Every structure is written in structure tokens, then in C-alpha cells.
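Subject: Structure handover

Hello,

Here is the structure for your files. Please look it over first; my notes follow below.

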Amino acid sequence: MKKIISILSVITLLSACKEKKSFTLSGHVDGLKKGTLYLQKMKDTLIVNLDSIQINGDANYHLTTNLKEPRLLFLYLDKIDGDKNDDIIDFFAEPGEMTLNTNLDNFELDAKITGSENQIRWEKYQDMLKQFNTNSLELIQENFEAHKNKDSTAIATSRKKYENLLKRKYLYTVNYAIGNKDYAIAPFLALTEIYDANIKYLDTIYSALDKPIKKSIYGKELKKYIKGRKKEEKLADKVIEKRS
């Protein structure tokens, strides 16, 4: 009998180990009285729920899932108040424990996230990107005014400025990714921010990645994407050759 109890104890212990989650996200949503928080990820082109918790008075939450490596996850708030403008926060998760605190009024903008080195580096990149976006909007307005005034010289000038701004963004992203070559954020930025850049930029980033990062989910996706781009460009070159 003791032997059976001992075996059952071992089985229970092993089961508990298997059920232990490798990622925990906890925090507080100030002002949230009722709703549901979902921890989500992108799989192919679909959003998949990993865990959820119903909020009913207590705005503290605790969500868990299995996470083998750093990757982008989402915290989605489904408010049960008739408001159609539900909110979502994307963040760079890492195995272990992370904290995400925010408030109901500015769910995404006021989010404070800790516990991830990749998230820190992503936020730093986004801060710089805000300046590029501001300059881009200014140039769009400048181009609009030029077209409105039918000023061909101003149109050409604004177009040239935009091309130079885009090139600076690409070069900054390449240098930033290489500077963080030992983090998953590097191939992620190549795939999401400069996917349409000259293939040589993407090749430069991939070649600089540390071996573990090349084997990561975003490292593998970047390699696959580069291969696909090169194949498309070869086919395009052949079509041009046939026409000429």
C-alpha cells in the first residue's frame, strides 16, 4: 500500500511539474471594475488566446502560459460596459515573470512594463521612431501643400526629403538591430519595421545575429523571409530579361 502511495505521489509531482507555466504576467488596471483580460499571441495570421481572467471589482490580474523564448504577446481588454473601443497592448515577453500596470482611461499609452530586456530595447527603439513619424507627417503635409499649389519644384523637393528620411530610418534600424544582435528584438525589427527595405539591409542584420538568435522564432522567420525575397527578385529579373 505504501509503495502504491509513493508511486502516486511521484506521478502527482511530475504532473504538477508539467503543468507549471514558464511565463507569468501580473499587474493592475486602475479604474477597471468589470471586464475580461486576455493574454494573446499571433499564430500565422490569427490571434490565439493563451489565458484569460474575468475582472469583477478587483482590478489585479494574473495570467500565465508556456513560453519557450522571447516573443511578442498581447494583453487585450474586453470591456463589459457597452464601449466598442476595446484596448490592446503589445509587449515583448520573455520566459519568467513580468509586470504590466496601466489604467482604464489610457490603457495602451500609460502601460508600464517591467521584467523583459527585449521590451526595454523595443521601447527605446519606439521612442526614436516617434521622431521619424513626426517628421514623416510634416513631409506629408508639405507634399500636400505643394500639390495644392501645383508647385512641381516643391513636390520634387518634398518627395526627395521623404526618401532621405526613409533611408535614415532604415539605416538607424539596421544599426540598432546589429547593436542588439544577441536579443530577439533584432530579427523582429527587421521583419516588422524594414521588411520592404533593400534585401542587403536584411541580409546584414541576419548575418550579424548571434547563433541562438538565428535559431529563435524571429531569426528563423527572417531567414525564411530573406530567402523568399531573393527568389522573387530572381524571378523578376528573369521577366525583365525576357522582355528586353
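**What was found**

Asp44 sits in the loop between strand 2 (34-43) and strand 3 (46-56). Helices (H or I, at least four residues) and strands (E, at least two) are DSSP runs, numbered from the N terminus. This is a predicted model: local features need pLDDT of at least 70, side-chain atom pairs count only at pLDDT 80 or more, and totals for chains, interfaces and linings use all residues. Residues are numbered from 1 along each chain as its sequence is written, and side-chain values use heavy atoms, with hydrogens and water left out.

**Two positive phi values**

Back to Asp44. Its phi is near 60°, a positive value in a residue other than glycine. Asp44 counts as exposed because its relative accessibility is 70%. The cut-offs: buried is under 20% relative accessible area, exposed is over 50%, and partly exposed lies in between (1.4 Å probe, protein chains only).

Lys150 is not a glycine either, yet has a positive phi of about 55°. Where is Lys150 placed? In the loop between helix 2 (117-148) and helix 3 (152-179). Lys150 has a relative accessible area of 76%, so it is exposed.

An open sheet of 4 strands runs in the order 3-2-5-6, with antiparallel pairing. Strand 3 and strand 6 (87-93) are the edge strands, and each pairs on one side only. Direction ignored, neighbouring strands of this sheet are turned by 25° against each other on average. For such angles, axes are lines fitted to C-alpha atoms (for helices over the stretch in contact), and angles run from 0 to 180 degrees between N-to-C directions. Two strands pair if DSSP finds at least two bridges between them.

Now the individual pairings:

- Strand 2 and strand 3 are antiparallel and share 10 bridges. Leu39 stands opposite Asp51 in strand 3.
- Strand 2 and strand 3 also form a hairpin, with 2 residues between them. Asp44, with its positive phi of about 60°, is in that turn.
- Strand 2 and strand 5 (residues 71-79) run antiparallel too, joined by 7 bridges. Gln40 stands opposite Phe74 in strand 5. Leu37 has Leu77 in strand 5 as its bridge partner.

In a regular strand the side chains alternate between the two faces of the sheet.

**The helices**

Is helix 4 (residues 185-192) mostly covered or mostly open? Mostly covered: 7 of its 8 residues are buried. These are Ile185, Ala186, Pro187, Phe188, Leu189, Ala190 and Leu191.

Asn133 lies in helix 2. Its relative accessibility is 41%, so Asn133 counts as partly exposed. From Asn133 to Lys169 the sequence separation is 36 residues, and the C-alpha to C-alpha distance is 9.7 Å.

**Whole chain**

The protein chain has 7 helices and 8 strands. Of its 244 residues, 34% count as buried. The accessible surface comes to about 15,900 Å², and 53% of that belongs to carbon and sulfur atoms. Accessible areas come from the Shrake-Rupley method with a 1.4 Å probe; for residues, only the protein chains shown count as cover.

Among contacts (heavy atoms within 4.5 Å) between residues at least 6 apart in sequence, 59% join residues at least 24 apart.

Best regards
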